[in-house]
Amino acid sequence: MSAERRDAVLDGWSELHGGIDPRGSIWIRNWILASNACARPLVRLGVGPNTITVCGAVVTALAFAVTFAGRGWFLVAALIVLLAALLDGVDGAVAAQTGSATQWGRVLDTLADRCSDLFLAGIVVMAGAPTWLGVCLAVLTLLLEGTRSTAQAAGMAGPGTVTVWERPSRVILAVIATIGAAVSWWAGASAGSLTSIIAGIGVVLAMIGLIQLLVAVGRRTYGRPV
């Protein structure tokens with residue numbers, strides 16, 4: 001992809017997300033560019049964004065289901081999580097490239113994302129993290145996204161800010177946890193301690209991300225009449 005085309009894709013994402021520049025986060029930037037590249041052949045095949053949205057949530061659920069097969073399957077689960085993450089970005093890219101974005105599509109995308117977030121937290125627990133850490137991950141993630149959605153409904157443009165706990169961070173955490181569980185299985189060791197540390201790092205990032213968003217939302221909405 002040429003530099004001009006790359007900048008156009010990133011600028012287009014910025015316009016749809018309240019003017020936030022994705023270049024400030026290497027994960028967000030690369031995720032957007034990869035999603036845009038994968039969207040082009042799907043556009044040519046006539047696949048709609050809503051179909052991709054549903055498939056992304058179903059694939060994440062499949063990754064969660066695979067973890068019940070045992071730690072020997074966790075590497076497969078990690079690969080499925082990565083595929084689901086790619087689909088999560090592709091639906092928006094397809095909508096942007098075809099001009100087919102709708103209000104229903106946004107609602108469906110939000111619902112699918114929250115289901116996927118819960119499945120990702122469940123995957124971390126299945127990898128060996130204590131259930132209470134998984135619950136903390138899920139609750140903090142839902143609080144962050146709920147705050148964002150409420151602020152947007154109140155008139156805030158875009159996501160408010162790009163926090164340290166966005167979808168790429170959640171996916172990376174789940175992938176690291178599943179790979180760690182698989183490696184521990186091959187080595188004949190327990191994955192509990194390692195996965196607990198990974199989940200603990202995720203909880204800290206989620207707390208920081210929630211604080212970042214609350215500060216950004218407060219600056220944009222505090223004192224403004226409804």
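Q: What should I know about the model and its numbering before I start?
A: The model is predicted, so local features need pLDDT of at least 70 and side-chain atom pairs count only at pLDDT 80 or more, while totals for chains, interfaces and linings use all residues. Residues are numbered from 1 along each chain as its sequence is written, and side-chain values use heavy atoms, with hydrogens and water left out.

Q: How many helices and strands are there in the chain?
A: Helices (H or I, at least four residues) and strands (E, at least two) are DSSP runs, numbered from the N terminus. In this chain there are 8 helices and 0 strands, and the pattern along the sequence reads α-α-α-α-α-α-α-α.

Q: What does the radius of gyration say about the chain?
A: The radius of gyration is taken over C-alpha atoms, and the globule rule is 2.2 Å times the number of residues to the power 0.38. For 226 residues a compact globule would have a value near 17 Å, and the chain, with 18 Å, agrees with this. Along the principal axes, the C-alpha atoms fill a box of roughly 55 × 45 × 30 Å.

Q: Which share of the residues is buried?
A: Buried means under 20% relative accessible area, exposed means over 50%, and partly exposed lies in between (1.4 Å probe, protein chains only). Of the 226 residues in the chain, 42% are buried.

Q: What share of the contacts in the chain joins residues 24 or more positions apart?
A: A contact means heavy atoms within 4.5 Å. Among the contacts with a separation of 6 or more, 77% are between residues 24 or more positions apart.

Q: Where does Arg-167 lie, and which residues does Arg-167 contact?
A: Arg-167 lies in helix H7, which covers residues 167–187, and counts as buried at 9% relative accessibility. Leaving aside neighbours within four places in sequence, Arg-167 is in contact with Trp-31, Asp-88, Asp-113, Ser-116, Asp-117 and Leu-120. Arg-167 and Ile-28 are 139 residues apart in sequence, yet their C-alpha atoms are 8.8 Å apart in space.

Q: Is Thr-60 buried or exposed, and what is in contact with Thr-60?
A: Thr-60, found in helix H3 (residues 49–66), counts as buried at 3% relative accessibility. Apart from neighbours within four places in sequence, the contacts of Thr-60 are Ala-84, Ser-116, Phe-119, Leu-120 and Ile-123.

Q: What does Ala-206 touch, and how far is Ala-206 from Trp-186?
A: Ala-206 has its place in helix H8 (residues 192–221) and is buried, at 0% relative accessibility. Not counting residues up to four places away in sequence, Ala-206 touches Leu-140, Leu-144 and Trp-165. The C-alpha atoms of Ala-206 and Trp-186 are separated by 30 Å, with the two residues 20 apart along the chain.

Q: How many disulfides are there in the structure?
A: A disulfide is a covalent bond between the sulfur atoms of two cysteines. In the search, the term stands for a pair of cysteine sulfur atoms within 2.5 Å, and the whole structure shows 0 of them. Cys-38 is in no disulfide, and the nearest cysteine sulfur, that of Cys-55, is 14 Å away. Cys-115 is likewise in no disulfide, with the sulfur of Cys-55 as the nearest cysteine sulfur, 14 Å away. Cys-38 is partly exposed, with a relative accessible area of 30%, and Cys-115 counts as partly exposed at 34%.
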